Amino acid sequence: MTEWIWSIDGWIVAAGAFAAMACALPGTFLVLRKMSLMGDAISHAVLPGLAIAFLITHSRGVLPMFVGAVIVGVLTAVGTQVITRYGKVESGAAMGVVFSIFFALGLVLIRQAADHVDLDPGCVLYGNLSQIPLDSLDGSIPPAVINVGLALLLNITFVGLLYKELKICAFDPQLATTVGINANVMHYLLMIVVAITTVASFEAVGSILVIAMLIVPPAAARLLSDRLGTTLILAVTIAATSAVLGHLSALRGPKWIGLDSSVSIETAAMIAVMTGVIFTLTLLVAPKYGLIGRWYQRLGLALQIVREDMLGILYRWFEHRPDEHILKDDLLKAVGRGILARFALGSLKRRQAIEYVGGEGIRLSDSGKDAATKLVRDHRLWEGYMATHFDLPLDHLHEPAERVEHYISEDLSELLKQEMGDLGEDPHGRKIPE
Amino acid sequence: MTPSKTSQARLQIDQVHHDNESPLSIHDMTVAYHRKPVLWDIDYAAPQGKLVGIVGPNGAGKSTLIKACLDLVPRASGSVRIYGKRYKEQRSAVGYVPQRESVDWDFPASALDVVTMGRYGRIPWCIPPGKSDREAALHALNQTGMGDYANRQISKLSGGQQQRVFLARALVQDARVYFMDEPFAGVDAATESAIVTLLRELRERGRTVLVVHHDLQSVPEYFDEVLLLNMRIVAAGPTSAVFTEENLQKTYGGRLTLLSEAAEAIARNG
C-alpha cells in the first residue's frame, strides 16, 4: 500500500487532519493557560465515560458517547480542583491521581463493553485510521470522518463565538470574573470541549496520541507568533500539515529509510511524530524565539562587544599618541585574538570606522572617532556615577564600566549626562570627552 | 426562632448599616482562607470622590480585602455594597487593577489588546469588540503615555510600562470606583509620577480610588484618606487625622497575638 489512492488515502488524511485541527483550537488555550497536562488527563479520563455509555446503550451511538465523555471530562476537572484543595498536593499530582485511576477504570470497563458492543479496545487506545476508508466502500462519507468533522466545526464555532471571553479568561481570569465573564464557567466549558474533541478523535488517532494533537501544534505556533489570533491560525495550519505529512511518510516512509515497504506504518503515530518534527524545526528556526535566531543574536552582540572594545583601545591609544598608529597584530592581541576578533576587525573596516596606514598600521577614521568618543564618554561617566553612588575604591570601577558601556543607549547616555552634569574628569583623572 | 423569623432577621441585618451614598460600604465582613480567618469584622464606608490608601504589613489582608469586595474570594460573613447595591448589580461602576504579577506577560497579546479587555464587560457575550472599543483603548493608552506602544508585544514592555497598560485598561472601564492592588510596586520614577497624576485626574472627575500601597513615606502626599489594616481595621479616616505614629505603631508593631492564635485554632479545628 504505497501508492496514493484518493478513495482510501483521501479519507485517512481527512480524518487525521480534521482531528488534529479540532484538537489544536482548544489546545492553544490549554497551552496558554499553562494547563497542557489537563488535556492529557481528560483524554485519558474520558475512557470510562465511553465504556459506561457503551454498556448502558449497547451501541456505539455518537450521542451517548459524547454525553459520557462530557460527564467524565467535567468530573476530571472538578476532581482535580477538589484534590488540589483538600489533598494538600499540587495540581499536577491531583491530575495524576484522577486521570490514572479513571483511565484504569476505563480499561477494565472497556473490556466488558467490548463483549457487548462491536468494539476493539485497541482501537480506542491507538485509533484505527487505516480502517476508516472501509466504511465508505459504497461511496458514502465514513462516520469517523463525520465525527471529527463535526468536532472541528464545533470547535471553530466555540472559539469563533467566545473568542473574546476565552482570551480574557486565559490572560487575566480575575479581571474577567470582575467584569462578569466568569472564568470558572469558561474553564469548565473549555474542559467540556476538550473532552468532546478527544472522544471524537479516538477513532482517528486514539486516546494516547491525542495529547500530541492538543499540545504540540499550539506550542510550535506560540514560537512563531505574538498574537492570539495568528497563534490559533498557525496551530491549525501546523496540525493539518502534520496530518498530510504524517500519512505521506507512513506510506513512503519504510522505503525512504530502507525498511520492508510491504509493512505499513501506523499513520496516527506518524502524524504525532510529524507534529514533533515541526515543533523541533520551529524551535530551531523560529525568527524571534528559535534557538538559531537567538544564537545568531547573541553572536551579533558578542561581535559588537569586541568591535567596541577595539574602538575603545584605539581611542585610548590615540589619546596619548595622536600621531602614531597601532599595529594590527597588537590590536588583535589586546582583544584576545581569536576568530571573533578577526571578524570584528573586518566589520570595522567595512563600516569605515578604521583606516589602514601602511600595511599593518591602524588608526581611527573620523566616523570611528565619533563612535569611540561616545563609548569612552559613557564609560568614564559611568565610572563617575559608580564612584559617586557606590563608594567603591578606584580599582573597582573599570571592570563594571567595561561591561556596561556596550549597553548604554542614546536615552540612557543622555540621562547619565544629566545626572552627572559637567564632570570634566573621571575618578581616575582622565578627561571625559565631549 | 422559627425559620421565617430567622430569614426576617437576616433581611433586616442585610438592610441596615449600609450607607447607600458610599462608593464602598462594608458591613461586618470576615474572610477566611481554608477556614483560617485573615480579615476580622471589617466595617468601613469609603468617602465619595477621594483617593484612599490601604496600608498595612505583609499578610495584613490588603489584597484579600479588595478581592472580597469584588466577590473574587468568598466572604465568611458580612456584606458589601457598592453605591448601595450588591457588586453583581454594580459591575459597570467598578474598575479593578490586579497586581501586575498576577498575569502571564508572555501571553500573545499587544498592549492595545490588553487595554481593550477593559471594555469586554460592557460588550455582550459572543460579540467581538468594535472600532469604538479600540478607539477608547487607544485614547486610554495615550492618557497613560503609552500611545507609542499600542502594538508592542506585552512581554517587551518594562515593568512600569506594563503597569501603565493595566491602568489604561482600568481607565477604559470608565468606572465610578476603582480598586488598585499595588499599582506602585516595582515601577520607575516616571511611571510613579504618571500614576499619581492619573489618580488626581480621576479624583477631579469625581471618581473614588482605593489603592493598596506599600511605601509609607508617600502616603500623606498621595492619599486623602487612609485605611490602616492588619487583619482588622486599625484606623480609617482622613490621612491628616489617622496617619499618626501611634496608629502606625498599632498597625505594624505589636503582633496581635490573641487574634492570630484564634485564627490558628479555627484553622486547626475547623
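How many bridges join strand E3 of chain B to strand E8 of chain B, and do these strands run parallel or antiparallel? In this predicted model, strand E3 (residues 51-55) and strand E8 (residues 225-230) of chain B are joined by 4 bridges and run parallel. Across this pairing, Gly53(B) stands opposite Val226(B) in E8(B).

The two strands belong to an open sheet of 6 strands in chain B, ordered E5-E6-E7-E3-E8-E9 and mixed in its pairing. The edges of the sheet are formed by strand E5 (94-97) and strand E9 (232-238) of chain B, each of which has a single partner strand, so that one side of each is left without a neighbour in the sheet. On average, and with direction ignored, neighbouring strands are turned by 15° against each other.

Helices of chain B pack on this sheet. Helix H2 (residues 62-69) of chain B lies across E3, strand E6 (177-181), strand E7 (208-212) and E8 of chain B, and runs at about 145° to E6(B). Helix H9 (residues 245-252) of chain B also packs on the sheet, where it touches E8 and E9 of chain B, and its direction makes about 155° with that of E9(B).

A helix pair is found elsewhere in chain B, where the axes of helix H4 (residues 131-143) and helix H5 (residues 159-172) come within 8 Å and cross at roughly 130°; H4(B) and H5(B) are therefore oblique to each other. The crossing of H4(B) past H5(B) is right-handed. On the side of H4(B), the contact involves Ala136(B), Ala137(B), Ala140(B), Leu141(B) and Gln143(B), which meet Ala168(B), Leu171(B) and Val172(B) in H5(B). By class, the residues of this contact comprise 7 nonpolar, 1 polar and no charged.

In chain A, the axes of helix H6 (residues 143-161) and helix H9 (residues 183-224) likewise come within 8 Å, crossing at roughly 155°, and H6(A) and H9(A) are therefore roughly antiparallel to each other. Here H6(A) passes H9(A) in a left-handed crossing. Among the contributing residues are Leu150(A), Ala151(A), Leu154(A) and Phe158(A) of H6(A), together with Val193(A), Ile196(A), Ala200(A) and Glu203(A) of H9(A). The contact of H6(A) with H9(A) divides into 10 nonpolar, 4 polar and 1 charged residues.

Between the chains, 20 residues of chain B are in contact with 22 residues of chain A. The side of chain B that touches chain A is made up of 15 nonpolar, 4 polar and 1 charged residues.

Notes: Residues numbered from 1 in each chain as written. Chains lettered and ligands numbered in written order. Predicted model: local features only at pLDDT ≥ 70, side-chain atom pairs only at ≥ 80, totals over all residues. Contact = placed C-beta atoms within 7 Å. Nonpolar A, V, L, I, M, F, W, Y, C, P; charged D, E, K, R; others polar. Axes fitted to C-alpha atoms, helices over the stretch in contact; angles between N-to-C directions. Parallel < 35°, antiparallel > 145°, perpendicular 65-115°, else oblique. Left-handed = near helix turned anticlockwise from the far one by under 90°. Pairing = 2+ DSSP bridges.
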